[in-house]
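Let's take a walk through a protein model together. Keep the picture open and find each spot as we reach it.

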Amino acid sequence: MITDFKNKTAVLTGAGSGFGLECARIGAKLGMNLVLVDVQQDALDKAVAEMQAAGAPVLGMRVDVSKADQTQALADATFQRFGAPHLVFNNAGVGSGGLIWENTVQDWEWVLGVNVMGVVHGVRLFTPMMLAAAQADPSYRGHIVNTASMAGLVNGPNMGVYNVSKHAVVALSETLYQDLALMTEQIGASVLCPFFVATGISQSHRNRPDELKAVGVKPTHSQLIGQAMSDKAVHNGKVSAAEVAQKVFDAVAHNQFYIYSHPKALGSVQVRLEDVMLARNPTDPFAHKPELGVELKKALRV
């Protein structure tokens with residue numbers, strides 16, 4: 001566990017907004033070196049300027065984390081500037097909804113590329129670097145945090161491609177935790193599973209690469225409904241990105257694996273696991289608020 005963050009190095013993807021930006025702000029206050037990564041140049045530039053003004057040593061890089069060559073360049077630049085990082089926050093993510101059979105090939109490639117392969121690249125490139133630092137220095141402590149979602153623990157309808165990507169991140173993170181435990185006591189791992197928090201992910205289509213846009217394909221009826229529901233849920237969220245960022249740092253300091261923004265939502269996780277254990281059909285996700293299920297069915301069946 002990392003108990004003293006001063007002069008430690010943090011790599012933060014998705015640092016231009018949401019959890020990444022708020023973690024950067026905390027890191028700057030704690031005296032950390034910051035490697036800020038985002039695919040949106042203007043948001044990245046603004047974040048870099050803010051952290052530099054706060055007195056933090058900063059390396060800012062525009063990176064599409066789904067690309068192996070770009071993340072390799074990020075790892076190389078990080079090591080050259082600061083050495084092996086102590087905190088790696090694989091946080092960049094995108095969202096996409098709609099009925100699961102309506103997602104295009106480009107939808108799958110985009111969401112899985114960023115949400116899954118972005119984490120894969122962060123883990124495969126920075127973990128060996130951190131292990132080498134731990135072997136060379138008994139006082140070295142490191143931690144890797146991967147951003148999943150409550151959608152990595154339950155399977156809400158009309159958001160299948162996102163669910164698939166976030167379940168993969170949970171599985172990857174749990175395996176990372178176990179694999180690290182085989183190799184060292186100096187590096188920990190956590191998975192962040194937020195519920196609806198205003199981070200900008202509901203508008204992530206703004207950064208979708210042109211080559212992964214289905215030319216001439218308009219959003220389906222279900223995708224428009226999913227977007228509207230996501231926007232409403234995020235807008236009505238009671239927990240801020242800054243509060244979640246503090247939970248991330250608290251978890252790193254206490255070597256806590258699962259990080260939840262809304263612990264009360266875990267009842268749905270328990271129901272799902274009971275479905276699995278009892279081999280019963282998946283429980284209606286709207287059982288606690290049936291009016292929402294009725295509303296969604298009515299909207300989809302128009």
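Start in the middle of things: the largest nonpolar core has 43 residues, and those with the most contacts inside it are V35, L74, F126, M130 and C193. A nonpolar core here is a set of buried Ala, Val, Leu, Ile, Met, Phe, Trp, Tyr and Cys residues joined through side-chain atoms within 4.5 Å. Buried means under 20% relative accessible area, exposed means over 50%, and partly exposed is in between (1.4 Å probe, protein chains only). At least two residues of this core come from each of β2 (33-38), β3 (58-62), α3 (68-82), α4 (105-136), α5 (160-183) and β6 (187-193). Those labels are DSSP runs, numbered from the N terminus: helices (H or I) have at least four residues and strands (E) at least two. The biggest giver to this core is α4, with 11 residues.

Before going on, a word on what you're looking at. This is a predicted model, where local features need pLDDT of at least 70 and side-chain atom pairs count only at pLDDT 80 or more, while totals for chains, interfaces and linings use all residues. Residues are numbered from 1 along each chain as its sequence is written, and side-chain values use heavy atoms, with hydrogens and water left out.

Now zoom in on V35. Skipping neighbours within four places in sequence, V35 is in contact (heavy atoms within 4.5 Å) with T9, A10, V11, L12, L59, L74, T78 and F82. There's also a second, separate core of 35 residues, which includes A15, L36, V145 and V239. In soluble globular proteins, nonpolar side chains tend to be buried together.

Next, find two helices: α1 (residues 18-29) and α2 (residues 41-53). They pack at an angle of about 15°, with their axes 10 Å apart. α1 and α2 are therefore roughly parallel to each other, a label for angles under 35 degrees. On the α1 side the contact is made by L21, A24, R25 and A28, and on the α2 side by A47, E50 and M51. Sort these residues and you get five nonpolar, no polar and two charged.

So where does T147 sit? Look in strand β5 (residues 142-147). At 6% relative accessibility, T147 counts as buried. Beyond its neighbours within four places in sequence, T147 touches F89, N90, N91, K166, V169 and L192.

Finally, hop over to V294 in helix α9 (residues 290-300). V294 is exposed, with a relative accessible area of 56%.

Methods: Axes fitted to C-alpha atoms, helices over the stretch in contact; angles between N-to-C directions. Parallel < 35°, antiparallel > 145°, perpendicular 65-115°, else oblique. Nonpolar A, V, L, I, M, F, W, Y, C, P; charged D, E, K, R; others polar.
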